[in-house]
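Me: Hi! Could you walk me through this one? I'd like the overall layout, then some local details.

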Amino acid sequence: LWPESDPDSAQANLRSAVSDLRKLLEPELARGRDSAFIVTKREGYAFDLTAPVSVDAIDFEQASTATSRPDLETALASYRGDLLEEDPYAEWAIRERERLRDLRLEALARLADICLSDADYPITVSLCEQALALDASRETVWRNLMRAHALSGDRAAALRAFERCRAALARDLGVDPLPETVKLHEEILREPHPPAPSPETKSAFQERGRASWLHHLGAVGIVLWVVITSTSLGLSLA
């Protein structure tokens, strides 16, 4: 925290900072009394995780391991920005900031998988783009993005996603796409996946089916009427 200070000065700074923190968290705490949040240990200080308080970073870390769509959506909505964005160059915070960012990336990729299986292609595209903004070398995410575009009927966007993937891998890692990614690209070139029918399209199909059924029923009725009328006329003439 104070890399340019000597050990004695750094320890004095730490004791002063902890004292200020206690006063901020518990302004009514009497001098010499134990804090409900900050535990004093032989080797230093620790935050009491059993204290009656909610810490957003800890809550997100626990929620980010969820496997259901609603829980993942809730967890990602609670991530309102990187850790200590106001102090991006503090070396002591960089590792923790990157760890939480990786948890967000994994949660985005997991949620994209679920949305793709639910045929929710616009949301899948949005989630993949967010994940790739964090790490453009995730080929599994690129493949999900390609599939989402292809399954929604946007073949051109799927092919552009492959080109973006290839450019990102060459720029960041100096490698070519994996065989699985190339194979998916070839499949989309050869036989793009048809888009899944939307609820509006399904409704139109149902209306068309009902109209077709009524049309056939009417035709059968006309034929029966002609047969019955012809028979009656023939009997009358006879």
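Reply: Happy to; here is a tour from the whole chain down to single residues. This is a predicted model, where local features need pLDDT of at least 70, side-chain atom pairs count only at pLDDT 80 or more, and totals for chains, interfaces and linings use all residues. Residues are numbered from 1 along each chain as its sequence is written, and side-chain values use heavy atoms, with hydrogens and water left out.

Me: Great. How many helices and strands does the protein chain have?

Reply: Nine helices and two strands. Both kinds are DSSP runs numbered from the N terminus: helices are H or I with at least four residues, strands are E with at least two. Starting at the N terminus, the order is α-β-β-α-α-α-α-α-α-α-α.

Me: And what share of the protein chain is buried?

Reply: Of its 238 residues, 24% count as buried. Buried means under 20% relative accessible area, exposed means over 50%, and partly exposed is in between, using a 1.4 Å probe and protein chains only. As for contacts (heavy atoms within 4.5 Å), among those between residues at least 6 apart in sequence, 48% join residues at least 24 apart.

Me: Let's do helix packing. At what angle do α4 and α5 pack?

Reply: At about 160°, with the axes of α4 and helix α5 (residues 121–134) 9 Å apart. Axes here are lines fitted to C-alpha atoms, for helices over the stretch in contact, and angles run from 0 to 180 degrees between N-to-C directions. That makes α4 roughly antiparallel to α5. Angles under 35 degrees count as roughly parallel, over 145 as roughly antiparallel, 65 to 115 as roughly perpendicular, and the rest as oblique.

Me: Which residues of α4 and α5 meet there?

Reply: On the α4 side they include Leu105, Leu108, Leu111 and Cys115. Among their partners in α5 are Tyr121, Leu127, Cys128 and Leu134.

Me: Is α6 parallel or antiparallel to α4?

Reply: Roughly parallel. The axes of α4 and helix α6 (residues 139–151) come within 11 Å and cross at roughly 25°. Ala109, Asp113 and Leu116 in α4 meet Val141, Asn144, Arg147, Ala148 and Leu151 in α6.

Me: What's the handedness of the α4 and α6 crossing?

Reply: Left-handed, and the crossing of α4 and α5 is left-handed too. A crossing is left-handed if the near helix is turned anticlockwise from the far one by less than a right angle, and right-handed if clockwise.

Me: Switching topic: how many aromatic pairs are there?

Reply: The structure holds two. In one, the rings of Phe37 and Phe47 have centres 6.4 Å apart and planes at 20°, so the pair is stacked. It links distant parts of the chain, 10 residues apart: Phe37 sits in the loop between α1 and β1, and Phe47 in strand β2 (residues 44–47). For the cut-offs, rings of Phe, Tyr and Trp (its six-membered ring) pair if their centres lie within 6.5 Å; planes under 30 degrees apart count as stacked, over 60 as edge-to-face, and the rest as tilted.

Me: Now Ser35. Where is it?

Reply: Ser35 is in the loop between α1 (7–25) and β1 (38–41), and it counts as buried at 13% relative accessibility. Leaving out residues up to four places away in sequence, Ser35 touches Arg22, Glu26 and Leu29.

Me: Last one: what is the phi of Leu84?

Reply: Positive, about 50°, although Leu84 is not a glycine. Most residues other than glycine have a negative phi. Leu84 is in the loop between α3 and α4 and counts as partly exposed at 28% relative accessibility. Ala119 has a positive phi as well, about 65°; Ala119 lies in the loop between α4 and α5.
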